[in-house]
Amino acid sequence: MSHNMFDGYKLLAVLVLWLGTSAQDKHTVHVHAAQHQEHQEHTAHGSVGLEKVVLVIQSQRNSYHVRQAVERKVEILHQAAELGKGVPVVVLLHELSEYEGNWSILPVLPQLFATYGQSAFWFFFIEDETRVRLAAVLQVLHRYQVQEEWFLGKRLHDNEASIIHHYAFSEDPSSFGYPDPAAGWALSSPLLRRLAERIQHEHLKSDFTIDWKHEIALYIWEEGNGPELTAVPEFCTEPRQNCATTFTTYLPNCGDPVSKNDLFVAVKTCQKFHSERVPVVKATWEKDAGFLEYYSDVTDASIPTINLGVPNTERGHCGKTFAILKRFLSKAVPKTEWLLIADDDTLISMVLNRVAVSRLLSSGCSCYSDDAPDDMVLGRCFTLLGVPITHSPLFHQAQPDDYSNALISLQEAISFHKHWNIDPMAVYKHWLQDTHPLDEL
């Protein structure tokens, strides 16, 4: 199996590519910036009403998250009407454009400033499950002068040097803070203006995102030339006194759970890991699967494994993944509505339903080589097909220690990845094990 640090299962990590803006858009940003700065000079020490706040709900395109985002917008506008301190602009992120990369926030900042920067003093970002107390939000914002650059949020930090953050600040990981999106975070308009202009002139250097909240904090900090995150105690995830925001859960309430007999599980492995990794899967989450098969480069009756005729590759596993997708639609395996594909060192990975798999294979979209990165190819194919790829922070592409403890301790984690220098059994028992037998998932 591949040792690539980013292999595994974050489909979304490949979609972020900022394509730039037109000359007209750039002119609009500069005009708005000049007008906005003049207006701010007259109101720097005055109170900020809700009409000066743009709330951006970080919505996704699938039906569940659209519904949640619309409900949150209605709640916010109703609350504003009762409060009587102005009406904020409430923006649903997925409605701004068809560009799928907007979920990583940085690509959409120029558009946000060009559209709303002339009149807004603050841009406040929340998840679709974040609850907001508008009166308390205004009290927080009143503490900060609107003509200055501010980056506000609930501060997270790494517990130790993290692979998903490219080992940044390895000598003192806790020294750098980044926002918890569930608690909400805010940018002052002067800061957003500078970021928008920088993105337009320089463009974003990376064509994929691993952890957007850390990456946006790094981009804003700009090697010490920009502001660090200012911690705001009123931006909360768990309810407590004086909170301006609270959060419910990342685990969606989509109706009745799926029966485990309606989920087919495919585990990717190879001969050299049969004795090292497969026993961990068997001792942990295999028992929760109704239907499960191991796919390897050799047939091993003791596991058992199935050889799909695709040789093992040291980088991506696109050939093996597409062979699994074809087998899933064949009569060789039980017919189920859902397919879960996992690496043999994943404690769980990427989930597809039968309709999505069928559309993918019938489209003709395929691997350009057997060792192509399967997550990137799948992301590209589904984007071309217009199939929304839903991001969930409950799927983790690294080990628990690579994430802020303050963040994952409040999550109901679905998966972790890699067995390097850890006891995978201990990780499973602490973070993932359900003590009750499962008939549903």
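What is the handedness of the disulfide of Cys-318 and Cys-367? The torsion about its S-S bond is about -90°, so this disulfide is left-handed.

1. Basis of the note. This is a predicted model, in which local features need pLDDT of at least 70 and side-chain atom pairs count only at pLDDT 80 or more, while totals for chains, interfaces and linings use all residues. Residues are numbered from 1 along each chain as its sequence is written, and side-chain values use heavy atoms, with hydrogens and water left out.

2. Disulfides. A search of the whole structure gives 3 disulfides, a disulfide being a pair of cysteine sulfur atoms within 2.5 Å. Numbered in sequence order along the protein chain, the bonded cysteines pair as 1-2, 3-5 and 4-6. For Cys-318 and Cys-367 the S to S distance is 2.0 Å. Cys-318 counts as buried, at 0% relative accessibility; buried means under 20% relative accessible area, exposed over 50%, and partly exposed in between (1.4 Å probe, protein chains only).

3. Cys-365 and Cys-381. The sulfur atoms of this disulfide are 1.9 Å apart, and with -80° about the S-S bond the link is left-handed. The pair links distant parts of the chain, 16 residues apart: Cys-365 is in the loop between α9 (354-363) and α10 (374-385), and Cys-381 is in helix α10. Helices (H or I, at least four residues) and strands (E, at least two) are DSSP runs, numbered from the N terminus. Both Cys-365 and Cys-381 are buried.

4. Cys-236 and Cys-243. Here the S to S distance is 2.1 Å. The link is left-handed, with -100° about the S-S bond. Cys-236 is buried at a relative accessible area of 1%, and Cys-243 is buried at 4% relative accessibility. Elsewhere, Cys-270 is also buried, with a relative accessible area of 1%.

5. An open sheet of 6 strands runs in the order β2-β1-β3-β8-β5-β9, with mixed pairing. Two strands pair if DSSP finds at least two bridges between them. β2 (89-92) and β9 (230-231) are the edge strands, each pairing on one side only. Within the sheet, β3 and β8 are antiparallel over 4 bridges, and Phe-125 stands opposite Trp-185 in β8.

6. Nonpolar cores. A nonpolar core is a set of buried Ala, Val, Leu, Ile, Met, Phe, Trp, Tyr and Cys residues joined through side-chain atoms within 4.5 Å. The largest has 35 residues, and those touching the most other members are Ile-105, Leu-109, Leu-112, Phe-125, Phe-151, Trp-185 and Leu-187. Two or more residues come from each of β1 (53-57), α3 (109-116), β3 (122-126), β8 (185-188), α5 (189-202) and α6 (212-221). α6 gives the most, with 6 residues. A second, separate core of 29 residues includes Val-53, Leu-92, Trp-122 and Leu-152.

7. Phe-151. Leaving aside residues up to four places away in sequence, the contacts of Phe-151 include Trp-185, Ala-186, Leu-187, Leu-191, Ala-217 and Ile-220. Pro-179, Pro-227, Glu-228, Leu-229 and Thr-230 are also among them. Contact means heavy atoms within 4.5 Å.

8. Helix α4. This helix (residues 134-141) lies across β1, β3 and β5 (151-153), at about 120° to β1. Axes are lines fitted to C-alpha atoms, for helices over the stretch in contact, and angles run from 0 to 180 degrees between N-to-C directions. α4 is mostly covered, with 6 of its 8 residues buried: Leu-134, Ala-136, Val-137, Leu-138, Val-140 and Leu-141. The cover over these residues includes β1, α2 (63-83), β3, β4 (130-132) and β5.

9. Helix α5. The 14 residues of α5 reach 20 Å from first C-alpha to last, close to the 20 Å expected at 1.5 Å a residue; the expected span is 1.5 Å times one less than the number of residues. α5 is also mostly covered, with 10 of its 14 residues buried. His-203 follows the helix and has a positive phi, near 60°.

10. Strands β14 and β15. β14 (residues 338-343) and β15 run antiparallel and are joined by 4 bridges; the bridge partner of Trp-338 in β15 is Asn-353.
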